[in-house]
Amino acid sequence: MTTTKVNMFDFDHDGLRDYFVARGEKPYRAKQVMQWLYQQNTRDFEQMSNVSKVLREQLSKDACTTLPKVQQEMLSSDGTCKWLFELHDGNSIETVYIPEANRGTLCISSQVGCALDCSFCATGRQGFNRNLSVAEIIGQLWLAENLLKLNPETQDQRITNIVMMGMGEPLLNYNKLVPALRLMLDDRAYGLSKRRVTVSTSGVVPAMDRLTADIDVSLAVSLHAPNNALRDELVPVNKKYPIEQLMGACWRYVQGERKKRVLFEYVMLAGVNDQPEHARQLVSLLRDFPGKVNLIPFNPFPTSGYTRSSNAAVARFTKLLTDGGILTLTRTTRGDDIDAACGQLAGDITDRSKRYIRFSEPRFGEQFQ
Ligand code: SAH
Ligand code: SF4
């Protein structure tokens, strides 16, 4: 008979506390185990020296600290790292680390594939396979942090920001997303500030409202079009939750908090959504809203059918938005030599012939198996 062990990485603090209390243990065991897992990076119960011997033995028998398996490690010429992690069922997911001057951002996946089928997204093209568990979501952060430290080329890099912008629609995996976010914010685990943890959504309106009520994190919204006709085409979930409803949820998110802003993502597709009329429509849509627009250069993938807007088109678009009073940033593309740029994550074994893949077979990940 096979018994499934409980994975300690599947719980946020309260979940772990309930687990221990149900076994007749003191609630503070949760904090102890969390500190070992997330701050000491110890997955071996035997090493958890402030946990009683009896409990350590019990945990070794009944519980586990299983994480995804490191399948590939890649380092881009610009310092971006990408890891391919294999899950227990053979699926794989991708996680990307982007170093910048004064921060390091980890881009985490929430699902294998995605059901929402945005027309310009490689993950959407794959279709939906399944939701990730809490352990598989938080495990990406655990593994990335430890893999960066082990590699002499990246050991000085730190993860200061998290964006849920990898594969999948985080808000369609709500019940696993939220405990993972809690662990990111919890001082007994990663203790990141809410300004540095961002959930990106294509606009699943009811779940946006739930998120606003349940946990305080930063919000990015994949807008990509200033009117419903075009957004229906690019982001099909718009047919269910059109722009007016989406903006309603954005207003409820910022309500009552002076400093809160929404980051609107807008992928620049040549001739599709990058014309002056689109910029003007965007200005009237967002003029009175506390938000910022992030223009993303389109990252092509085979058979997408779109091309990236020219620099001139992006500059013209930016000027129209800025003149209209909209704060606008342009995202620089990072890691595209290892297919790590936005929208290129597909979880497949990537093209090994790429020139800049510095190493691909796991070099540092073996010890986490
Ligand atoms: N599902 C969520 C989060 C993952 S996608 C969402 O859609 O927001 C993260 C960001 O990458 C989104 O803004 C998405 O629209 C963008 N993106 C997807 N495909 C892209 C591509 N090919 N080029 C540039 N950005 C892309
Ligand atoms: Fe899914 Fe986001 Fe890609 Fe759309 S852009 S298909 S919501 S991952």
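Trainee: What surrounds ligand 1, and which residues are the closest?
Mentor: Ligand 1 is surrounded by 21 residues, counting a residue when one of its heavy atoms lies within 4 Å, and the closest are Phe 120, Ser 200, Ser 222, His 224 and Glu 265. This is a predicted model, in which local features need pLDDT of at least 70 and side-chain atom pairs pLDDT 80 or more, while totals for chains, interfaces and linings use all residues. Residues are numbered from 1 along each chain as written, chains are lettered from A and ligands numbered from 1 in written order, and side-chain values use heavy atoms, without hydrogens or water.

Trainee: Which polar side-chain atom lies 2.5 Å from an oxygen atom of ligand 1?
Mentor: That atom belongs to His 224, and a polar side-chain atom of Glu 169 lies 3.3 Å from a nitrogen atom of the ligand; the cut-off for such a pair of N or O atoms is 3.5 Å. The backbone takes part too, with a polar atom of Asn 299 lying 2.9 Å from a nitrogen atom of ligand 1.

Trainee: How much of ligand 1 does the protein bury?
Mentor: The protein buries 96% of the 530 Å² that ligand 1 exposes when taken alone, with areas from the Shrake-Rupley method and a 1.4 Å probe.

Trainee: And what about ligand 2, what is around that?
Mentor: Its shell includes Cys 114, Cys 118 and Cys 121, and also Glu 169 and Ser 202.

Trainee: Switching topic, where are the domains?
Mentor: An automatic or database assignment gives domain 1 as 7-64 and domain 2 as 69-368, and their C-alpha centres lie 32 Å apart. Between the two, 14 residues of domain 1 are in contact with 17 of domain 2, contact meaning heavy atoms within 4.5 Å.

Note on methods: Polar contact = N/O pair within 3.5 Å; in protein donor to acceptor, adjacent residues only side chain to side chain.
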